[in-house]
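This briefing goes through one protein model, topic by topic. Please keep the sequence and the structure open while reading.

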Amino acid sequence: MSYIKDQGKNKGKKSHPLLQVVFIVLALQQAILNYVTNTVVYTVISSLDEICSLVLLVVVLFRLIHGFKLMKAEVFLALLLIAMCLIGLISNLFSNIQPLRYALVDMLTCSKFVIVYLGIRAFYTGKIPETFFYDNFNRAARFLSVLYFALTVHDYLFTPFFPQVDFRYFALSTKLFFPHPTYLANSCIILICILCFTLKTHRSNMIYIWMLLSVAVMTFRAKAVAFAALFLLLNLFVAYFKVRSKFLLFLPLTLGGLYIGWDQIQYYFVEITNSARAIMSRDCVKIANRFFPLGAGFGTYGSFMANIHYSALYRSLGYNGRAGMSEQSPHFLSDTFWPIVIGQFGYFGLICFLGIAVCFFIIAFHFQDQDHNAFIALLSVLLYMMISSTSESSFFNPYATLYFIIFGLMVSQKLSENKAGKKKAASAAFQSKYIKQGK
């Protein structure tokens with residue numbers, strides 16, 4: 001705890017090496033795990049998101065006890081998370097489907113995106129230098145953008161260094177040294193958000209953003225293509241047309257997202273009615289009705305722990321006889337998000353989660369008038385999480401830890417700049433009044 005106490009003494013410190021290491025490892029986590037053979041190293045790196053969550057949970061509890069004040073939206077965020085966790089645990093007691101130890105692990109998995117956000121906010125309080133993001137992340141983000149872009153160009157023009165996978169649209173998908181194109185897309189998108197955040201003072205970041213957008217698109221994941229289009233649309237509306245209305249922002253973004261992703265939605269949920277996503281989307285409603293109004297509980301449906309300790313619900317629904325959904329091969333069972341929320345937490349839990357999402361958007365809009373690049377970066381994090389929720393575990397996925405660490409740091413820096421601006425304005429007003437009085 002001494003480090004937490006001493007943190008206030010180092011508020012003005014520009015470089016945080018430990019934070020930089022955590023950032024790089026989480027940004028490359030799946031790529032590193034693809035090549036690591038040492039069991040101990042593999043375990044540490046694969047568990048880094050959980051380690052960060054537990055450490056930051058201790059931090060936020062410690063700081064709250066010592067008087068740390070949350071913003072109003074953050075208070076509601078914390079209360080809604082607590083409500084969702086209580087709903088899940090109560091559901092576990094009534095359904096008795098999973099042992100408590102699996103339910104508790106799943107509770108951490110489903111909560112960590114909020115925990116790391118609040119923990120980062122609690123840790124990085126007070127005065128943060130205006131160059132904080134640039135000093136800690138910008139150089140690494142630029143380096144990775146050049147690396148990804150150079151390797152992608154090479155692999156399309158020459159004999160590829162890395163295997164390319166499924167043919168989509170007009171070419172093979174690129175994944176570089178990641179095990180799957182999705183992981184490369186995830187890494188590109190958080191780097192785009194970081195570079196966008198500091199774009200106001202470092203306009204050359206736009207070159208690297210274009211590099212990352214092109215690599216993300218060449219993964220040919222529908223969510224990455226949708227993000228690239230919506231990111232450009234968001235920049236157009238916010239930075240150039242100066243649109244301030246929430247309705248006028250979200251309407252074109254929603255319509256644009258539906259237009260871009262409609263083929264994928266039709267394919268997975270209409271044309272292929274027996275796909276894992278379509279089946280689980282239908283069955284989660286049955287489960288919510290069966291366990292009305294609280295759902296089946298943590299670790300029971302769609303989540304990673306429901307695979308690790310194969311849920312009895314899967315057997316009762318006949319999943320054990322389906323390819324990719326059986327106990328021996330369950331990899332399609334964690335390929336969704338909303339079925340987890342509806343199935344495990346029921347309709348009340350769904351309302352709680354939607355409330356959590358709204359709180360995050362309220363926090364992002366708090367900075368709309370302060371810095372449009374920072375606002376776009378904050379909104380982009382949330383937009384991608386919402387887009388990815390259609391085809392993977394999104395907010396409950398390991399990569400969400402990095403996304404919400406970055407989101408929390410963005411909020412902390414902007415709040416620090418707000419405070420510094422108010423102090424400067426107050427000082428200037430006092431000096432002006434002092435001069436007028438002839439003192």
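By the rule used here, a side-chain nitrogen of Lys or Arg within 4 Å of a carboxyl oxygen of Asp or Glu, the count comes to 12 salt bridges. The model is a predicted one, in which local features need pLDDT of at least 70 and side-chain atom pairs count only at pLDDT 80 or more, while totals for chains, interfaces and linings use all residues. Residues are numbered from 1 along each chain as its sequence is written, and side-chain values use heavy atoms, with hydrogens and water left out.

**Salt bridges**

- Side chains of opposite charge can pair when their charged atoms come close.
- Glu74 and Arg121 meet through their side chains in a salt bridge, at 2.7 Å from N to O. The pair links distant parts of the chain, with Glu74 in helix 6 (residues 72–95) and Arg121 in helix 7 (residues 100–123), 47 residues apart. Both residues, Glu74 and Arg121, are buried, where buried means under 20% relative accessible area, exposed means over 50%, and partly exposed lies in between (1.4 Å probe, protein chains only).
- Lys223 forms a salt bridge with Glu392, and their closest N and O atoms are 3.6 Å apart. Lys223 lies in helix 11 (residues 222–240) and Glu392 in the loop between helix 17 (372–388) and helix 18 (399–436), so this pair ties together parts that are 169 residues apart in sequence. Lys223 counts as buried at 10% relative accessibility, and Glu392 counts as buried at 7%.
- Asp371 forms a salt bridge with Lys414, with 3.0 Å between the closest N and O atoms. Because Asp371 lies in the loop between helix 16 (338–365) and helix 17, and Lys414 in helix 18, the pair ties together parts that are 43 residues apart in sequence. The relative accessibility of Asp371 is 5%, which counts as buried, and that of Lys414 is 4%, which also counts as buried.

**Overall make-up**

- The chain has 18 helices and two strands; these are DSSP runs numbered from the N terminus, with helices (H or I) of at least four residues and strands (E) of at least two.
- Of the 439 residues in the chain, 54% are buried.
- Among contacts (heavy atoms within 4.5 Å) between residues at least 6 apart in sequence, 73% join residues at least 24 apart.
- The accessible surface of the chain, from the Shrake-Rupley method with a 1.4 Å probe, comes to about 20,300 Å², and 67% of this belongs to carbon and sulfur atoms.

**Cysteines**

- The structure holds zero disulfides, a disulfide being a pair of cysteine sulfur atoms within 2.5 Å.
- Cys110 counts as buried, at 1% relative accessibility.
- For Cys196 the closest cysteine sulfur is in Cys193, at 7.2 Å, too far for a bond. Cys196 counts as buried, at 0% relative accessibility.

**Around Ile209**

- Ile209 has its place in helix 10 (residues 205–218) and counts as buried, at 0% relative accessibility.
- Its neighbours within four places in sequence aside, Ile209 is in contact with Ile192, Leu195, Cys196, Leu199 and Phe231.
- Ile209 and Ile192 are 17 residues apart in sequence, and their C-alpha atoms are 5.4 Å apart in space.

**Backbone features**

- Phe292 and Pro293 are joined by a cis peptide bond, with omega about 0 degrees. Pro293 is found in the loop between helix 13 (276–290) and helix 14 (304–308).
- Asn96, in the loop between helix 6 and helix 7, has a phi near 55 degrees, a positive value in a residue other than glycine. Asn96 counts as exposed, at 62% relative accessibility.
- Phe220 also has a positive phi, near 55 degrees, and lies in the loop between helix 10 and helix 11. Phe220 counts as buried, at 2% relative accessibility.
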